[in-house]
Amino acid sequence: MTDSTPAVPIPGRWQTAVVVEVHPETPSAKTFRLRLPDRSPHLAGQHYVVRLTAPDGYTAARSYSVASAPDGSAEIEITVERLPDGEVSSFLHDEVVVGDTIEVRGPIGGWFVWRGDSPAVLVAGGSGVVPLMAMLRLARRAGRADLLRLVVSVRRPVDLYYSQELVGPETTIVYSRESPPAFLRPPGHMVEQDLPSPMPVGATGYVCGSSGFADVAASLLIGAGLSASMIRVERFGPTR
Amino acid sequence: MNVTRGFRRRSRQARDSRLPPGQYDVGDSWPVLTAEATPRLDLTSWRFTVEGLVDRPTSWTWDEMQALPASTYDGDIHCVTTWSKLGVTFSGVSVDTLLAVARPLSSASHVVATSATGYTTNLPLSDVTKGHAWVVWEYGGRPLPVEHGGPARLLVPHLYFWKSAKWVSGLRVLDHDEPGFWEANGYHNRGDPWLEERYQGD
């Protein structure tokens with residue numbers, strides 16, 4: 001760590017954010033733009049906790065990765081996948097509209113972060129693309145997209161988050177079940193050939209997805225030449 | 001209290017008194033949260049080591065660990081990401097048994113648990129002694145699955161679960177505190193779920 005490296009931001013207290021924009025990302029995912037009362041600079045890859053409170057004092061809280069790049073503003077974007085029976089995600093999807101307030105706390109996490117100054121290979125499964133999108137946006141904003149390679153695996157074209165913005169020379173999309181018309185790669189699970197070759201020298205690997213996906217992706221990265229100690233993983237969901 | 005417009009408790013059932021504040025019952029599932037690639041460890045070369053400020057630095061092989069007096073935890077576990085898993089059973093050996101062999105010096109005050117992956121987490125000695133902590137290799141009577149830390153993990157169930165290091169390889173006994181992996185990355189130094197000690201500053 002050098003003197004110029006920002007320290008890990010300490011998550012502040014709970015603050016009340018105003019929802020300033022809501023838009024669908026896919027049929028099952030929505031992006032919420034939140035305005036925070038206090039500007040809280042985050043690192044690409046960090047998350048916030050969202051807390052809902054019922055009139056009887058009951059609360060439910062879940063963590064959501066920030067999708068937006070650190071931009072010095074007091075606004076952040078989170079993208080929320082609607083989980084079957086998800087207490088918080090279904091409330092956010094079904095009830096929350098522009099102008100509502102929700103309690104948030106963050107930014108949180110000092111490990112699964114990319115500071116924008118070193119080569120990195122990002123591998124996402126489905127909604128795992130969210131924190132990696134913050135990294136891609138940061139790289140592009142800084143004119144350093146050359147530092148990143150992003151591989152995103154989704155089942156079908158309709159499941160791809162940020163589909164317009166994502167595509168670019170640094171991005172590879174893998175469709176496991178159904179690919180778009182005229183897409184050359186036949187649908188199928190991600191394999192080593194989908195990863196950058198050769199691996200960028202000195203690259204850190206960032207893997208985000210379901211637990212099963214994360215294990216597969218980490219193994220593929222190791223097979224492609226990345227050392228296990230250079231791989232950072234963020235998982236979600238239960239074991240099957 | 002800052003009520004969220006339109007949000008209601010789903011179930012009319014009383015909240016389970018075993019759930020610390022801000023936690024929900026994950027039921028039968030068991031989320032996997034790990035910051036690194038899942039390692040595959042070979043039992044023939046597996047070791048658990050207690051070193052640092054101890055009378056007798058000691059290393060146990062897998063078979064030697066299995067031969068120690070067995071100890072079981074029946075109770076609940078709580079993850080800082082807000083899930084709790086109630087009524088679980090882990091078996092292995094009490095950390096007291098291991099420390100009774102290695103004998104911490106009178107100056108010892110803390111331990112750092114280490115993992116085969118390089119993961120670390122710090123604990124006051126008082127949080128891993130007097131029946132508070134185990135090294136476990138069975139979950140619900142079956143071998144602990146690798147994604148949950150098998151072959152063996154630390155179990156410190158009265159603290160948030162990041163303290164229960166997966167793929168644990170040893171304890172380093174110290175006369176001072178030394179922040180571990182998550183503790184150096186914004187999480188609370190101790191992590192008591194009943195006090196909601198989730199992040200630095202809580």
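Reader: What makes chain A a chain with domains, and where do they run?

Author: In this predicted model, the domain assignment of chain A gives domain 1 (15-108) and domain 2 (120-236). Those bounds come from an automatic or database assignment.

Reader: How do you know that domain 1 and domain 2 of chain A touch, and how many residues take part?

Author: Residues count as in contact if their C-beta atoms lie within 7 Å. By that rule, domain 1 of chain A gives 14 residues to the contact and domain 2 of chain A gives 13. On the side of domain 1, β1 (15-26) and β5 (75-81) of chain A each supply two or more residues. That side holds seven nonpolar, five polar and two charged residues. The C-alpha centres of the two domains lie 24 Å apart.

Reader: Why does the radius of gyration of chain A agree with that of a compact globule?

Author: The rule for a compact globule, 2.2 Å times the number of residues to the power 0.38, gives a value near 18 Å for 240 residues; chain A has 18 Å, so the two agree. Along its principal axes, the C-alpha trace of chain A spans about 55 × 45 × 30 Å.

Reader: How many residues of chain B are in contact with chain A?

Author: Under the 7 Å cut-off, 31 residues of chain B are in contact with 40 residues of chain A. The chain B side comprises 11 nonpolar, 14 polar and six charged residues.

Notes: Residues numbered from 1 in each chain as written. Chains lettered and ligands numbered in written order. Predicted model: local features only at pLDDT ≥ 70, side-chain atom pairs only at ≥ 80, totals over all residues. Contact = placed C-beta atoms within 7 Å. Nonpolar A, V, L, I, M, F, W, Y, C, P; charged D, E, K, R; others polar. Helix = DSSP H or I, 4+ residues; strand = E, 2+ residues; numbered from the N terminus.
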